[in-house]
Amino acid sequence: MKKKMRAARYDQFGGPKEVKTGEIEIPELKEGEVLVKIKAAGVNPVDAVITKGYYKDMMPHSFPVIPGWDFAGVIEERGHAARRFEVGEEVYAYARRPEVKWGTFAEYIIIPDSYLATRPKNVSMKEAAAIPLAGLTAYQALYIAARLSEGQKLLILGSSGGVGSFGIQLAKAKGAEVIGVASSKNHEYMRSLGADHTIDYKDKNIGEAVKEIYPEGVDLIFDCTSGDSLQQSLKGLKKSGKLVSILNQGEDLDPNIDFEFVFVEPHAKQLESFREMVEEGKITVKVNQTYSLEEAAEALKQIETLHTTGKIVVVP
Ligand SMILES: NC(=O)c1ccc[n+]([C@@H]2O[C@H](COP(=O)([O-])OP(=O)(O)OC[C@H]3O[C@@H](n4cnc5c(N)ncnc54)[C@H](OP(=O)(O)O)[C@@H]3O)[C@@H](O)[C@H]2O)c1
C-alpha cells in the first residue's frame with residue numbers, strides 16, 4: 001500500500017481560499033530521486049500567484065497541486081543512483097519542477113537529488129527553508145546578471161521583503177553601497193541588514209531622493225517592485241548604469257537602458273555558495289511568522305499583500 005502524507009492542496013485555480021489541508025498519497029521513489037521529510041517550507045509571492053492560475057499557460061500543472069517551492073528537511077529514503085547525500089542528511093532546495101504539482105507545503109517531497117544542497121548548519125530549519133527561492137533570486141540578479149562589484153552604488157526597490165533582504169546583504173558582502181527602498185516602518189530593519197541609506201516610497205519621489213544621496217546617481221537598480229516606484233527611480237540611474245528587474249520584462253522601458261530581466265532558476269551549486277555565506281555570518285535570515293499546514297491559506301494571503309517583512313514559513 002502506498003504511504004500517505006498530510007499536505008496543503010488545491011483542486012482548482014481561484015486563489016489562496018482554494019487551498020485546503022488533507023491526506024495525499026506519496027508518489028513512488030524513482031531513479032535519481034530522494035524522499036525528504038520536510039521540516040519547514042518558505043512562502044513566496046509566486047505561490048499565491050500560482051493558486052490564481054496566472055501562470056497556467058506558461059507552466060504545465062496537474063491537480064491536485066501542492067503549493068510551495070522552498071523547503072528544508074531530512075533525507076529519509078534514496079532511489080536508484082541517488083547518492084549525492086546520505087539518509088539522515090539535512091538539505092534545502094528551491095523545488096520548482098517543470099510541472100506545477102508536487103510542492104513543499106507537505107510532510108514529504110520526492111525530488112531528484114540534483115536540486116538539493118546541504119543546509120546551513122548555524123541557522124534553524126525554518127530559517128534555512130526561508131532561503132532558497134528568495135536567496136537565489138537575489139544571488140542570480142546581483143552576482144550573475146549585474147556582476148556587482150566592490151564600491152558600486154545600488155538602489156534596491158522593495159528591500160525589506162524576502163528578495164530585498166537577501167539583496168542588501170549580498171550587496172554588502174561584495175562591498176557595494178546600498179540604498180534600500182521600503183516604507184518607514186522597515187527602515188531600521190533594512191539598516192540592521194547593512195543598508196547605508198533608506199528611502200520611503202510613500203514619502204518622496206524615489207529618483208529625486210537618490211540624487212540627494214548620490215548626485216551622480218547609482219550604478220545599479222535592483223527592481224523587486226516595478227510599477228511607479230521603478231519609473232520614479234530611473235531618474236537616479238547613471239547613464240552608464242544597469243537595471244535588473246525580477247518583475248518588469250522590459251515593458252514601458254527606454255530601450256537605451258542596459259536592462260536584464262531575471263527569472264530565478266533552481267541551482268544547487270549556488271545554494272552551496274549561499275550556505276557558506278550564511279555559515280560565515282555574512283547573511284542572516286529573519287523569519288517573522290510561522291504557519292501550520294492547516295494555516296497554509298492564511299500564509300498565502302499574507303504573502304500576496306507584498307508587504308511582508310523578511311520571510312514567513314509553513315511548518316508541517
Ligand atoms: N522573477 C523572479 O524570479 C522572482 C523571484 C522572486 C520574487 N519575484 C517577485 O518579486 C516581488 C518581490 O518578492 P519578495 O519575495 O521580495 O516579496 P515581499 O517579501 O512581499 O516583499 C515586498 C517588498 O516590496 C516593498 N514594497 C511594496 N510596495 C512597494 C512600492 N510601491 N514601492 C517600493 N517598495 C514596495 C515592501 O516594503 P513595505 O512592506 O515596507 O511596503 C517589501 O519590502 C514579488 O512580486 C515576487 O512575485 C520574482
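Biologist: Which residues of β8 are buried on one side, and which on the other?

Modeller: This is a predicted model, where local features need pLDDT of at least 70, side-chain atom pairs count only at pLDDT 80 or more, and totals for chains, interfaces and linings use all residues. Residues are numbered from 1 along each chain as its sequence is written, and side-chain values use heavy atoms, leaving out hydrogens and water. In a regular strand, side chains alternate between the two faces of the sheet. Both faces of β8 are covered, with buried residues (under 20% relative accessible area, 1.4 Å probe, protein chains only) being Lys-153, Leu-155 and Leu-157 on one side, and Leu-154 and Ile-156 on the other.

Biologist: Why is strand β8 described as largely enclosed?

Modeller: A strand is a DSSP run of E, at least two residues long. β8 covers residues 153-157. It is largely enclosed by the rest of the structure because the buried residues number five of the five.

Biologist: Which residue of β9 stands opposite Lys-153?

Modeller: Strands pair if DSSP finds at least two bridges between them. β8 and β9 (residues 177-181) run parallel, joined by five bridges. Opposite Lys-153 stands Glu-177.

Biologist: Which residue of β11 stands opposite Leu-155?

Modeller: β11 spans residues 218-223 and runs parallel to β8. Four bridges join the two. Opposite Leu-155 stands Ile-221.

Biologist: How far is a polar side-chain atom of Ser-229 from a nitrogen atom of the ligand?

Modeller: A polar contact is a pair of N or O atoms within 3.5 Å. For Ser-229, a polar side-chain atom and a ligand nitrogen atom lie apart by 2.6 Å.

Biologist: What share of the ligand's accessible area does the protein cover?

Modeller: Accessible areas come from the Shrake-Rupley method with a 1.4 Å probe. On its own the ligand has 930 Å².

Note on methods. Buried means under 20% relative accessible area, exposed over 50%, partly exposed in between (1.4 Å probe, protein chains only). A polar contact is a pair of N or O atoms within 3.5 Å; within protein, one must be able to donate a hydrogen and the other to accept it, and residues adjacent in sequence count only if both atoms are side-chain atoms.
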